[in-house]
Amino acid sequence: MSASNWKDALQGLMPDKLAHEIDIFQAQFELKRQGKIEDKVFAETRLRRGAYGQRYDNGQRHDGKQTRPLNFPCGDLTKGPDTVWDAPGMVRIKIPYGGMTPDRLEVMADCAEEYSDGILHVTTRQDIQLHFVHIDDTPDMMRRLASVNITTREACGNSIRNITGCPLAGVCKTESFDISPYAKAMMEFLLGHPDVQDFGRKFKPAFSGCDDEACGLVWMHDAGYVAKVNAEGQRGFKVVVGGGLGAVPHQAKVLSEFTPAEELLPQIQAISRVFARLGEKKNRNRARIKFLVAKLGIDEFRRLVEEERKTLPHDDRWTAFLKDIPDHFTKPLKDAVELTISAKDKPEGFDEWASTNLYKQRQDGYYVVTIALPLGDFTSQQARGLADVVRKYVGEDVRTTVEQNLVLRWVSEADLPKIYNELQAIGLAQGGANTILDLVACPGTDTCKLGIAASRGLAGELRTRLLGKYGELPEPIKKLHIKMSGCFNSCGQHHVADIGFYGNSRKIGNHTVPHFQVVLGGQWEHNAGSYGLACGSVPSKAIPAVIDMLTEGYLKNRQDDERFGAYIDRLGKKQVRELLKPFMEVPDYTEDPSYYTDWGDPREFTIGDMGVGECAGEIVSVFSMEASKAESIAFDAQIELEEGSFAKADELAYKAMVKAAQALVRTQFQDITDDPDDIVAQFRSRFYDTELFFDKYAKGKFAEMLFNRHDNPPASPDKDQAHHQIEEAQLFIEACYACDMRLSASPIGGGV
Amino acid sequence: MQRISAKLYVEDSSAVTPTAIIPVFHRWISDGAVEGLLIDVADYKHVPEGPGIMLIGHEGDYSVEYTDGVPAFRYERKRDRPSESELREQIHQVLRLTLIGANTLAENPDPHGPIGFRTDEVVVSIADRLRAPNTAENFESIKHEVEAAVAEIYGAVVETIERISEDARVPLGFRVRIDKAPALKELVGRVQTAAAS
């Protein structure tokens, strides 16, 4: 007799532990319906199961004219604070080190088709996300995923997130060894481990096979591992901790130059315990491990980890996985056969595709094929077609990448034209992988509750424009990386792009205009070796012209083989700012209303969907003038940083924050003095204590940055500290703009 | 069933510009132009042979999609309605909303010009691998329900009904060809009259 539900149908196919956890999760739905679970508790529960909220899940949507209710049939039932039960959400599926099999791909395709919108989205951390999923469908979806041993557990929430890894692991020419089995072992060890359940915030580890390439991006992770072999031939890892992008990017610090493989798991356990014990818990905005490492200093953090390690009770799993590591974690399905096809017999477009989408493995006769996914998306139908291609040509292994693509490894050279043809037939043979066409974007305002501007809309527009002229682009331009985020939270990894953008907004008269902050000079290579700095905010609709200006200037003025980042460094931020200035102008609404909408969205732009509605308000000109001075001071701080005057840079960044605070205070208190103590005190009492400054998601986070710097000026700031201070100043100024916008739109704003 | 969908192909592919559909769907949300709670517009025009432009709803999604390489108007119902216990009634309702949605788009005063839809071919799909996996047996047993629902709305003879794919991984699909199919406007008139009575 056939089963009438997935729980029965998949009995015995799911790992017992996962099946049991999903049953408990589903049982909690009923308790929530009965009002026996608090909203906050249920929200954290579903987050730890990988079920996220999505834009408009507060039951409201701005249609460009007004905020309208979305009258879901569930009534008052919620799945978290201010989160309507029936509102569609996102489910994130963890893909450790990006490794998938055809079977798993097919099950995810089924889930996308039956519970989502038929699209599988690859994230910048190698996960797969499905959007527009109803919470009621999540237990069955999780069961189906569990039946092929995939989990959404701890894909969200304050725990160990997906463990990412270089997608070329095992076939790369520059790696020390294949990191895949180590990343897998760490994932299995930490999943649900008691020592990772009490973090104040999420924790993201990453593995890389070498120092020089970008694939693992270890320097921007909470914990990063670079494969090393010591003089005795022993395998181990260089370990770095405390990196992260987010609103304030930090480069990780070296915890250990060489941690033997035997110590990999106990060491992360010790790190987890120290983080859980000493990491911030109350203020989630300073709760990532990067803040703990910065506060303690890496030497003290290292000492604490080493002390903690000594106290850990022995666990056989620390080393058990080592004896199971095969010589080759993945193997070819087919023999390496040379490609002997004549030029005239090659499929049309093959050579161009091959020039960007192939990587010659270190094993002779084999290639890695990159499947370039536009904006990280592919369909269920394509996923099934791809599963067939994987089985036919490479066996079991297909991987996601942090550039939102897929790779097939161990492709025999002779099969390349055939594989190209078969990918072409399912719409997956797009060229331009790892080039300027390979744009990276977070979901932004498409689906994210925190999105300010349309990062995917912008990426789609840029892609269309670049596709039209790709053939004529000179090589140095083709090599550039462009990445964008819908807000300052950096999910699009804009800090490590040659040209990065993050969304913000500006009030012009009675209208709000979508903008993107231009971030230049980030380094993708060397595992995200350095971060770019914000150079100025430009209206969203001017971004394509900014890219043309920057790339044309680079082409014309670069010296020899100068890379883009070096070119920007040589120009200096001051000159870059001058170059951007003409693009910062916003035409009057009557002259060009298109500036007042975002890419791919015809509604008049609003930030109301972030939670607070807007109506037409008067511009507070005194605020705008003073806030723009604050921006200038922050810019001067960048110049000082660039010239190596770290103390000056730090001081100017602080002054910029004080100036912005003063601008905001003046909207309520005309006679505010220039004394920083007075300004900060007034700001605190008028905007922080009253929570007027708080936005729905960041709360008082950016105000605390001002208070912290005001109360604790650094004695002798180094480059990192000055850099952080500038980033914080920029964020604080943005928050002041946002606060002014909210208050000027509110009947109680501006004059209290 | 988990999901049931129906779609109609456009008469002239060149008449459809995905970018032009985006503001139309946004307007539908503001105006409540079609049935159901409408939530947001999802833009997938960058995905080859993908879902195109989607109007995400609570009960179901509307889209102008390209999964067969040519544009089609599709409605997919996502949630069961307690009042529709019979499969034939469920299919009937999905067809009704597809026709009304396509007609609303066809009558849209868009500067890009009118979009016409062929009514002589309808594709019905059931994405429910638990209750209706794509097997020959299921095709045979469900095709009568599809045939009956189409004949009821069209008042015309179903000429052929084919199983779209024998690949068990693909949702169970029915390609229905109708002899002497009435025009879209007439079909919409019929379903509206039937609903009113």
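**Strand S4 of chain B**

I looked up strand S4 (residues 60-65) of chain B and found 6 of its 6 residues buried. The model is a predicted one, and I read every value below with that in mind.

I then sorted the residues of S4(B) by side. Gly60(B), Tyr62(B) and Val64(B) are buried on one side, and Asp61(B), Ser63(B) and Glu65(B) are buried on the other. I noted the general rule that side chains in a regular strand alternate between the two faces of the sheet.

Next I checked the partners of the strand. S4(B) pairs with strand S3 (residues 52-57) of chain B in the antiparallel sense, over 3 bridges. A hairpin with 2 residues links S3(B) to S4(B). S4(B) also pairs with strand S5 (residues 72-77) of chain B, again antiparallel, over 6 bridges.

Which residues stand across from Tyr62(B)? Leu55(B) is opposite Tyr62(B), and in S5(B) the bridge partner of Tyr62(B) is Tyr75(B). The hairpin of S4(B) and S5(B) has 6 residues between the strands, and there Gly69(B) takes a positive phi near 85°.

**Helix H2 of chain A**

I moved to helix H2 (residues 16-33) of chain A, which has 18 residues. Its first and last C-alpha atoms are 26 Å apart, close to the 26 Å expected at 1.5 Å a residue.

Which residues of H2(A) are buried? I listed Leu18(A), Ile22(A) and Lys32(A). Seen down the axis of H2(A), the buried residues fall within an arc of 70°, so they line one face of the helix. Those buried residues pack against helix H3 (39-48) and helix H5 (138-146) of chain A.

The face of H2(A) turned away from the buried side carries exposed residues, including Asp16(A), His20(A), Ile24(A) and Glu30(A). Just after H2(A), I found Gly35(A) with a positive phi of about 75°.

**Helix H21 of chain A**

I repeated the length check on helix H21 (residues 646-666) of chain A. Its 21 residues should span 30 Å at 1.5 Å a residue, and the end C-alpha atoms are 30 Å apart, which agrees. H21(A) is mostly covered, with 17 of its 21 residues buried.

Then I noted two residues of chain A.

Gln126(A) is not a glycine, yet its phi is positive, about 65°. Gln126(A) sits in the loop between strand S8 (119-122) and strand S9 (128-133) of chain A. Is Gln126(A) buried or exposed? Gln126(A) counts as buried because it has 25 C-beta neighbours inside 10 Å.

Leu375(A) has a positive phi near 55° and is also a residue other than glycine. Leu375(A) is in the loop between strand S16 (366-371) and S17 of chain A. With 23 C-beta neighbours inside 10 Å, Leu375(A) is therefore buried.

**Domains and the contact between chains**

I wrote down the division of chain A: domain 1 (6-146), domain 2 (172-324), domain 3 (343-425), domain 4 (438-457 + 473-609) and domain 5 (617-752). The C-alpha centres of domain 3 and domain 5 of chain A lie 50 Å apart.

Last, I looked at where the chains touch. The contact takes 32 residues from chain A and 30 residues from chain B. Among the elements giving two or more residues to the side of chain A are helix H4 (102-115), helix H12 (380-393) and helix H14 (455-469). H4(A) gives the largest share, 4 residues. By class, I recorded 12 nonpolar, 7 polar and 13 charged residues on the side of chain A that touches chain B.

Conventions: Residues numbered from 1 in each chain as written. Chains lettered and ligands numbered in written order. Predicted model: local features only at pLDDT ≥ 70, side-chain atom pairs only at ≥ 80, totals over all residues. Expected span 1.5 Å × (residues − 1). Buried ≥ 20, exposed ≤ 12 C-beta atoms within 10 Å, placed from the backbone. Domains from an automatic or database assignment. Contact = placed C-beta atoms within 7 Å. Nonpolar A, V, L, I, M, F, W, Y, C, P; charged D, E, K, R; others polar. Arc of directions from axis to C-beta. Pairing = 2+ DSSP bridges.
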